[in-house]
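Please keep the structure open while reading.

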Amino acid sequence: MNFKRTLSALAIAALMLPGAALAQNIRLGADVDAGTLDPRVMRDTTAYRVINLLYDGLVQLDASLQPNPDLAESWSNPEPTVWMFNLREGVKFHDGTTLDADDVVYTFETILDPDLKARFRSLFTPIETIEAVDPQTVRITLKEPYAPLLSYLDMGIVPKDFVEGGGDLSSNPVGTGSMKLNSWERGSRIVLEPFADHWSGNVPGNGFEFVVVGDNTARAQAFEAGDLDIIQSPLSPQDIGRLAEDDRFQNAIMGGLGITYLNINVSDPLLADPALRKALSMLVDQETIVGQIYEGVDQVATSILLPSSWAYDASIVQPRFDPAGAGEAFAAAGWTDSDGNGFLDRDGEELALTLSTHSEDPNRIQALEYIQFQMQENGVNASISISDWPAFSAGVRAGEHQVALLGWLNIVDPDRLMYAQFHSSGTLNWGGYSNAEVDQLLDTGRASIDVNDRIAAYRAAAKLIANDLPYYVIAYQGYQVFYSEGVSLAPDARGMMRSAARN
Amino acid sequence: MLGYTVRRLLLFVPIAVGMVAVTFAIMQLLPGDPAAVLLGEDATEEAIQDIRRALGLDQPWWIRLGNYYLDLAHGDLGVSYFQNQPVADAIGQRLVPTLEVAVVALLISILLGICLGVVAAIRRGSAIDACCMLFAQLGVSMPVFWFGILLMYLFAIQLDMLPSIGRGPPLAPALGKALTGRPADLWLALTHIAMPALTLGLTNAAVISRLVRSSMLETLGQDYIRTAKAKGLLPMRIVLVHSLRNALLTVVSVMGLRFGALLGGAVLTESIFGWPGLGQLAVAAISQRDIPLIQGVVLTFALAFALVNFLVDLLYAAIDPRIRYE
Amino acid sequence: MIMKAGSRNLSLTVGGAIIAVIVLFVLFGPMVSGYEFDQMDMRNRLQLPSALHWLGTDNFGRDLWTRMAVGARVSMVIALSSVAIAVVVGVTVGLVSGFFGGWVDLVVMRVVDIFLGIPPIVLALAIVAALGPGVVNLTLSLAAVFWTEYARVVRSVTLSQREADYVAAAVALGSSKIRILFVEILPNVVGPVIVLATLGIGTAIIAESGLSFLGFGVEPPTPTWGWTLAYGTRYLRSDPWLSTVAGLAIMITVLGFNLFGDGLRDYLDPRGVARRHRRMSSS
């Protein structure tokens, strides 16, 4: 049932729906205002979604995350560390100037400059040099082979002359996208209008209006009241069933590009024991969390690899929910309830741990509350700690957590989710997980150009991780969109509309 | 009068200085690092340190506080870490929407509160009185966000009368247009502002109706009112001219104190109705550790609070000729 | 006159009765239900009231009656202790400031002004964020918002009492300052403070729910009314029962304390000192 819906949703995302109300702006609900409209320094989901319409990248990722030509008409890879891109001719920026190789070079050079404070800088640090061979050709030289590069090159290209001339892209965006900024009322709405000179020569007649409503419930109500045309994840699961049954609305659930997971801190004295990590993960009732708390929008996860990824292998599985099995595993590791107080203990020490997450996502708090209940029922004295995002993330970053509920988004390549997190030298390896075999496999996956080598490497690494359990992946995040009748466009699995906004 | 104004303004300076220090101290206590939040969860430690340097966060706290005071003395509120714009601009864009909804909420609550209070006082002891006072009690007993969401459900979804979210055209220009015979914008603005303003004004309306009622009852019981009655003046005029003036004095003084709470209380209302005001900005700034922005918002609130109370004192003197400020 | 006395008694009686019912609910509610407040049952989520679950169940299938009763205890602890802290701090500051006057008064009242100028909910949010969530920290943050009100009222009462004849008499008789402060002046501020405190409890309960709605409440699975309402609001359309129960419980309780406070005010404070100085924070 769910799977069927997923399939049809992918089809919808790729197509334009009939019945367009052309002149009317399409109004999309957004949970936060964009912080900036400069693609190089974007941070929040709204900024991603708006910038995706305002700017084009060298490549465009399709529904299966394969890079397709966009501003780059074609590319080649003459050596493992050299990439050549041929740019499309006659591409206009919104200010009327023409795009050339200097703009591309400028975009990535500034991203690599620490002073710009670009959030995605680390994705591009394997780049040694980027240079303009001629006005239509760009050459990227890498320090070492770096297979994921193409997946990240959908980054919006900015106009060099405009920025160097003192233009401020953060509030006055100038891209080559099929939409340009009409007005931006901070905290309230961002209005985009069609850019008639778009290189595709084929832009829709309508513009877009991103309307900011912070509260999920209120946003869903606004959609029902007809004041929004499209709402999309994040949504309250409680609203999803009701909206799905409403004849006035179409809806689509797609496999998203994110995971929700438990970060089990392997450097914690208690949790350093893999047997204990395994027993604990058998107390996570994924079915109930996904089915009841997330109301079936997400999918039960089996491993670190996403089903939408080319590396996915359904045969790699982490431990499943099995309280009896967990009990045996605890006993095998020496944990028993010797004093009969309902909690397990060993050498006079009670099995107690803290589950933590942040206060911004009520669904995660509910999931954690449920996990805590299951642990309590099965002899683990688990408590919950919830703080706001900056405080929580500072604790996790410092490796002070025990078990933290977190998520990763925009996993367009397995490297993005695995290298920094599980490599001994990984920058996001907060728990200090270290496995020489995994290190080697991740290096191979990053450097190989042959996709079959990469698949083999990531599958082998995923298998080891499903056994070592520095992460326990609870769910593959679903992406949900609702749109009212007469709306002609639907976003893709990341909530992006770049391809939908061209005919 | 001028001397009085100057004194009041000077009095604000030490308060502002203290307020900056208190806010700064709380910010120091907040766990979490703006630089880390700025870069997102996938930031490297090295990148975070770079940003800390760029933002000046690597300096000791007394230097940062000192620098802030220096900038403030030059009228510079600094640059927001997250909004990519000067704090003054960010606040400027949000101030007008917040004032709009606060002023309309105040008007609604004063009108509603006075009507209910007067009616209840005149019909003291009747069923009408009981109903009005029950409203007043329930009004202060209801959590604001619950009331807001119920209101939205009723008027935007069930009855489909009002837009559920967002702000219409700016109110002041719309009012101007309406005066020159083009009321469309004003209508649009009012339909958008109705629910947020009602949500925000509910508690106030309840408070005012009680104040008005009790103040009127007090006045109605006094000798000079009895005398006026004996002289054969119309009961309605007695009520309006004599009692209401006294009631207004109470309302004005309490409203001055409540206006600050009204501005701050807009946080929940704004988040429900997607209203682009200062309250939402304040919450976002706290949850992102945007220190310059928090400082700016707090100072703005404080200044507004001080100004309103100054106006209240002037208004007080206008209503009651016995009061003079030297 | 008879009318007035009657309505005063009515407020006191109704308010007192509501409070009494809540106290009974807090004391015996969890015992009589036969459920633990944190016992989940995912197959019986969001049930309507039945013989098994008198108030139905919440989003985890937990018995709502038990959770409301235990939650009442938590909410009351937060409300009562935040008001108590605010009273102790506020009364002390107000007494000292009003009694000693001069530069002490000037400095202390500027500090009060500073706290008054920061919007209540912003101050509370920042403090909860700084200290972390939890019953104790939430209580402290509410107390930090509330104390200024008591300081101002007590100061103005003290100022007026300081000039009163009997204080002058006490000074002439050679009483110590401390003695005058506590024996002569303190009793006069008790009335207004009790009235304000009663009304403050209602404000605290509502403030707790607002903070929970913004995600700054007490950590689960501790049940507070604010959490239940904040969660319930998300189920407003599919299962309105949850938020109705929590919302009505909050409303009726706050109503009870407010009625009681009003009744007390007419009884203890007929001159309306507390009323004139009340600063109600809406959040």
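Chain B touches chain C through 39 of its residues, which meet 38 residues of chain C; two residues are in contact if their C-beta atoms, placed from the backbone, lie within 7 Å. On the chain B side, at least two residues each come from α1 (2–29), α6 (127–141), α7 (144–158), α9 (184–220), α11 (235–273), α12 (278–288) and α13 (291–319) of chain B. Helices (H or I, at least four residues) and strands (E, at least two) are DSSP runs, numbered from the N terminus. The largest share, 10 residues, is that of α11(B).

This is a predicted model, in which local features need pLDDT of at least 70, side-chain atom pairs count only at pLDDT 80 or more, and totals for chains, interfaces and linings use all residues. Residues are numbered from 1 along each chain as its sequence is written, while chains are lettered from A and ligands numbered from 1 in the order in which they are written.

Chain A also meets chain B: 38 residues of chain A are in contact with 41 residues of chain B. Elements of chain A giving two or more residues to this side are α4 (121–124), β10 (208–212), α7 (216–224) and α13 (389–397). The largest share, 6 residues, belongs to α13(A).

The table gives the make-up of the two sides. Ala, Val, Leu, Ile, Met, Phe, Trp, Tyr, Cys and Pro count as nonpolar, Asp, Glu, Lys and Arg as charged, and the others, Gly among them, as polar.

| Chain B, touching chain C | 30 residues | 8 residues | 1 residue |

Chain A has 16 helices and 19 strands. Its radius of gyration is 24 Å, close to the 23 Å given by the globule rule for 503 residues, so chain A is as compact as a globular protein of that length. The radius is taken over C-alpha atoms, and the rule is 2.2 Å times the number of residues to the power 0.38. Of the 503 residues of chain A, 54% count as buried. A residue is buried if 20 or more other C-beta atoms lie within 10 Å of its own, exposed if 12 or fewer, and partly exposed in between.

In chain C, C:I206 lies in helix α7 (residues 177–213). C:I206 counts as buried because it has 28 C-beta neighbours inside 10 Å.

The mean pLDDT of chain B is 83, and 90% of the residues score at least 70; pLDDT is the predictor's confidence in each residue, from 0 to 100.
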